[in-house]
Amino acid sequence: MKSLSIAFVIFTLALLGFSTYQALVVAPTEQTMGEVQRIFYYHVPSAWVAGLCFAVNFLASVVYLWKRSLNADAVAAASAEVGVVFCTIVLITGPIWARPVWGIWWTWDARLTTTLVLWLIYVSYLVLRRFAAGGQTQVLAAALAIFGFVDVPIVYMSIRWFRTQHPQPVMGGGQNSGLAPEMLHAFLWNLLAFTFVGICFIVARYRLQLMENKVEAAHAQLALQGGAR
Amino acid sequence: MSQISVTRSTLLKDLRMEWRSKDAINSMLFFSLLVVVIFSFAFNPTAEESRQIAGGLVWVAFLFAAVVALNQTWARELRNQVLDAYRVSPAPPNALFLAKVLGNFLFVVILETLMAPLFVVFYQLRSVGPVWQLVVVALLGTWALVVNGTFFAALSIRTRSREIMLPLILFPISIPALLAMVDSTTTILTGDGTPDFWLKMLLVYDVVFTLVCLLLFETVLNAE
């Protein structure tokens, strides 16, 4: 098991190295945006991994409420945390890219705003996990996870409507409208590499959560014995 | 005991207690009065400007004020282990939840009714669009805040530092509802377009989250 996970990490690192080479060296420089466009190879895969994490979080929460398995809860906790990390990367790389290309750091565009609200919701999820007391944490967190996931499409719909009423900033050189084959190539490699990185993080965090559970149970046991003495 | 009789007796009990103490309504009223006055100083708007910003001011004031009442929803039941007694009783949990939601809904609607004239006076508001639509927005919007707020109050009551926890989890989820309330109010006040889309959205939000709350409340109530 241990050697398997080490092999997996090494494979992921190799993949990440190769995809970085693809993104920074092999992929051609974009005509209008220049070198800054290369942030695309990190920005979009991060968004993809964040979305994946939040979907895993939702599924794990439903499974937890259904089966009451602590393993499912550990998966939910791990994926929410990793998702917030990748969502943060999206929210940081986005403005860095937007500033030279759109001329502004931030705009209340549908996708940007939805990502921000998504981030807020899952940060509140992590806060709840931190503050909930004892054995109730899992149930409360799972309930909130379901609320958060249900909210996402509503947020997207509402903000799209909110913004379509107002003029939108000009999107410089639509990144999805006809991607050059080399760019697509580099992008797909990065997508794959980031997915593996995300899985690595989730698995590591999942194991940590299980250990934390064990430590907590041991503490509780100790306190009980102490009380009996 | 049937669903309706549990809901009714819990609701009547809450209303009677509120009628005698007036804790929630007084603190909400004074809080939103403060918000009205402070915002009025801070922005000092003309009649035309206030039409533009009033939607935001009104709903932010009511949202913050509602949190005051929502935080007290379950605190009362924690004393003397009333909530534990409720859990062992055969009464349907959703009946209790609905009673609490209806109670909070009533408190917040009363607050809005009392505060609306003050907003009109302080901000020289005069609606260009039809006023009855504002009533629809208020009812749908208040339900959206209160149904989720009551549920999340039941979540946050089980955490450390519970008073702070409620807004932290309620506000992110409420963003689309708040956006709908603010934007439709502004649309009606300025008479600039129709709020139809927002009203539909609020309705969808209300239906979806009422269902989710009813689905999950029993689980949360029985969380150990």
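The model is predicted: local features need pLDDT of at least 70, side-chain atom pairs count only at pLDDT 80 or more, and totals for chains, interfaces and linings use all residues. Residues are numbered from 1 along each chain as its sequence is written, and chains are lettered from A, ligands numbered from 1, in the order in which they are written.

**Chain contact**

Chain B has 25 residues in contact with 27 residues of chain A (two residues are in contact if their C-beta atoms, placed from the backbone, lie within 7 Å). On the chain B side, the elements giving two or more residues are α8 (162–190) and α9 (196–221); helices are DSSP runs of H or I with at least four residues, numbered from the N terminus. The largest share, 10 residues, comes from α8(B). By class, this side of chain B has 18 nonpolar, three polar and four charged residues. Ala, Val, Leu, Ile, Met, Phe, Trp, Tyr, Cys and Pro count as nonpolar, Asp, Glu, Lys and Arg as charged, and the others, Gly among them, as polar.

Two packed helices are described by the angle between their axes and the distance between the axes. Here the axes are lines fitted to C-alpha atoms over the stretch in contact, and angles run from 0 to 180 degrees between N-to-C directions.

| Helix pair | Angle | Axis distance |
|---|---|---|
| α7(B) and α9(B) | about 20 degrees | 9 Å |
| α8(B) and α9(B) | roughly 150 degrees | within 9 Å |

The angle makes α7(B) roughly parallel to α9(B) (under 35 degrees). α7(B) spans residues 131–156, and its crossing with α9(B) is left-handed, meaning that the near helix is turned anticlockwise from the far one by less than a right angle. Residues of α7(B) including B:W143 and B:F151 meet residues of α9(B) including B:F209 and B:F217. This contact divides into 18 nonpolar, three polar and one charged residues.

For the second pair, the angle makes α8(B) roughly antiparallel to α9(B) (over 145 degrees). The crossing of α8(B) and α9(B) is also left-handed. B:P176, B:A177, B:A180, B:D183 and B:S184 in α8(B) meet B:W198, B:L199, B:M201, B:L202 and B:Y205 in α9(B). Eight nonpolar, one polar and one charged residues make up that contact.

**A:Y122**

A:Y122 lies in helix α4 (residues 110–131) of chain A. A:Y122 counts as buried because it has 25 C-beta neighbours inside 10 Å, the cut-off being 20 or more. Beyond neighbours within four places in sequence, A:Y122 is in contact with A:F54, A:A80, A:G83, A:V84, A:C87 and A:G148.

Methods:
Parallel < 35°, antiparallel > 145°, perpendicular 65-115°, else oblique. Buried ≥ 20, exposed ≤ 12 C-beta atoms within 10 Å, placed from the backbone.
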